[in-house]
Amino acid sequence: MHPDAAPPECETVLSVRNLSKTYKTGHHALKGVNLDIRRGEIFALLGPNGAGKTTLISIICGLVNASGGTVSVAGHDTVKAYRAARSRIGLVPQELTTDAFETVWATTSFSRGLFGKSPNPAHIEKVLRALSLWEKRDARIRTLSGGMKRRVLIAKALAHEPEVLFLDEPSAGVDVELRRDMWELVRKLREAGTTIILTTHYIEEAEEMADRVGVISQGELILVEDKVELMRKMGQKRLSVELSEPLAELPATLAAHGMVLEEGGRALSYVYDTRQAEGSPGAALAALLATLSAEGIAFDDLHTEQSSLEDIFVSLVRPAS
């Protein structure tokens, strides 16, 4: 499936065109990637290990040279106008690389200066307070916990007021509580106008936060879609029917619909694909209920479950058998 471009009414802040990367070993890390990121959105880039996520981010951020193609950030080509493009990008790497003997305040302020920005203590304070680092501003980084060090990395990335923030596996190695705190922070950043692009192994993270999802596999961007639309088009639903009385066997009329007897005859289940033609899932369910009634089968409850984003992701990247 060819990735969708951003609609004309949505301003594009990051544009990737025909991007490729081949290493000296001959490995094709990226193969003609095209992607538009809309200003102010949260975009989740999903893919298995080695799919090309980090290579793509590294090229956009100017850490790795592309073999072909172009990247522009806020209208600035990342090669021809490197400094202008890079100053609009904040990067939070996956690795906890920090200046161990510096204080939180000093390292954050220094990061701002690296991009030619004049000192702005008020902005640094705002960032540190937003990340619950204000009380630690005079602490040396080596004395902080792993979760706090990750917050410092985010503070450094935000110090120069970037328009686009990359979060490479932001929740790797942090506990559930901190992960939730970071999700809340990402939402606040987006509300303040920052565009967020994150890579993650925690698909629940993408399902919780993302506006759009991109899936990369073997160096190719195989899908870009609004999250809700993706789940609507590619998800499956499962109807479960709790029976009033157990059935010894499944009537042929129900088997013909694709229903399955479960839980020792106490429940029926039916899986259907939401990609079916509009209206047909509802018609199929109505026919099922009518058949239950015709067979004289009473039930106490019924409910449906939607497949998760993880189910969809696995189905997309699973190798063909």
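I started with E208, which forms a salt bridge with R187, the closest N and O atoms being 2.9 Å apart. For me, a salt bridge is a side-chain nitrogen of Lys or Arg within 4 Å of a carboxyl oxygen of Asp or Glu. E208 sits in helix α7 (residues 203–209) and R187 in helix α6 (residues 176–191), so the pair ties together parts 21 residues apart in sequence. Helices here are DSSP runs of H or I with at least four residues, strands are E runs of at least two, and both are numbered from the N terminus.

A note on my source: this is a predicted model, where local features need pLDDT of at least 70, side-chain atom pairs count only at pLDDT 80 or more, and totals for chains, interfaces and linings use all residues. Residues are numbered from 1 along each chain as its sequence is written, and side-chain values use heavy atoms, with hydrogens and water left out.

Next I looked up accessibility. E208 is partly exposed at 36% relative accessible area, and R187 is partly exposed at 22%. The cut-offs are under 20% for buried, over 50% for exposed and partly exposed in between (1.4 Å probe, protein chains only).

How many salt bridges are there by this rule? I noted 11. One of them joins the side chains of E163 and R39 at 2.8 Å, N to O.

Last, I turned to S87, in the loop between α2 (82–86) and β6 (89–92). Is S87 buried or exposed? S87 is buried, with 18% relative accessible area. Beyond its neighbours within four places in sequence, S87 is in contact (heavy atoms within 4.5 Å) with F115, H160 and P162.
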